[in-house]
Amino acid sequence: MTLKGFASKTLPRIIIFAGIVALCCMPVASQSFPQGSTAGRTELTADVADAQMPAISLDIRSPETGEEVAFSVQLLLLLTILTLAPSILILVTCFLRFSIVLDFIKRALSLQQVPPTTVLNGIALFLTLFIMWPTFTEIYNNAFKPMADGQIGIEQAFQEAEAPLRVFMFNQMGGNQDYITSFMSMAGLDRPNTLADVPTYVLVPAYILNELTVAFKIGVILYIPFIVIDMVVASVLMSMGMIMLPPVQISMPFKLMLFVLVDGWGLLTQQLFNSIIR
């Protein structure tokens, strides 16, 4: 590049840069407000309150009395129960049966995404609350409220809360006590004569296996009419020579129409309710 070309390209840039620097270095005092403008103030008026910021402090110390130790233990037990609450809700209520049956009906209808699993679990949850509400009310009246009022201790409150759930689980098992007998023998205990002879750690796994068995039996019964529709559609497609066409794609609308015409959701909900409340 020649000196003349370098000067023609660089000199205008140097002039522009120098002008920008001069503007930035100009004294602030030379920039005055227009005539008649109002002077600014930074003082607060009397009717403007100061911002209130809460003070947060954390004090960690050793307990000084036995009551403080007992309160710390109760708080720890409460946090543990809240952590295990979802598992307790699934295992000792009818939620397990409802969720499995609803998943079975979704698979029987050949539905993949609709309704979502979250929606099915929500339906199972509220059906569980609807059916278990008397049991929960009894637990609240006999265990939680007296303990909150200081009338009973935490051990007695646990026993009062455990009793309604034990009665509910034992009633759901009905005359089928094979699972209870099996777990009692595995634990090395004698054959029980009444519910009082069955420990809770034996009753809960027996109840879970019973719920799984009942839910799978209901699922098999629900599958039968939809399997018949699949077989009929597959036979028709085979006879017409449409081997490459998936039978599920044709049978799914027929299964949905059948399910809607017979009010499937209403019948399913009613039968699930009847299976719990005999």
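Buried means a relative accessible area under 20%, exposed means over 50%, and partly exposed lies in between, with a 1.4 Å probe and protein chains only. The model is predicted, so local features need pLDDT of at least 70 and side-chain atom pairs count only at pLDDT 80 or more, while totals for chains, interfaces and linings use all residues. Residues are numbered from 1 along each chain as its sequence is written, and side-chain values use heavy atoms, with hydrogens and water left out.

**View A. Thr181 in helix α6.** Thr181 belongs to helix α6, residues 178–186 (helices are DSSP runs of H or I with at least four residues, strands are E runs of at least two, numbered from the N terminus). With a relative accessible area of 26%, Thr181 is partly exposed. Val202 is 21 residues away along the chain, and its C-alpha atom is separated from that of Thr181 by 9.3 Å.

**View B. Helix α9 and its buried residues.** The 13 residues of α9 (264–276) should span 18 Å at 1.5 Å a residue, and the end C-alpha atoms are 19 Å apart, which agrees (the expected span is 1.5 Å times one less than the number of residues). Gly264, Leu268, Leu272, Ser275 and Ile276 are buried in α9. They lie on the same side of α9 because they cover an arc of only 100° around the axis, the arc being that of the directions from the helix axis to the C-beta atoms. An α-helix has 3.6 residues a turn, so residues three or four places apart point the same way. The buried residues of α9 pack against α3 (95–108), α4 (117–148), α5 (154–173), α7 (200–239) and α8 (247–261), where contact means heavy atoms within 4.5 Å.

**View C. The largest pocket.** The volume of the largest pocket is about 1,500 Å³. A pocket is an open set of points on a 1 Å grid over the protein atoms alone, where a 1.4 Å probe fits, with protein on both sides within 12 Å along at least five of seven lines; lining residues have an atom within 4 Å of a point. Of the 34 lining residues, Ile81, Ile88, Ile139, Phe158 and Ala161 lie nearest the centre of the largest pocket. Elements giving two or more residues to this lining are α2 (66–91), α4, α5 and α7, and α2 gives the most, with 14 residues.

**View D. The second largest pocket.** The second largest pocket has a volume of about 340 Å³. Its lining has 14 residues, and Ile221, Leu222, Leu267, Leu268 and Gln271 lie nearest its centre. At least two lining residues come from each of α7, α8 and α9.

How values were computed: Points joined across faces, edges and corners; volume = space filled by probe spheres on them.
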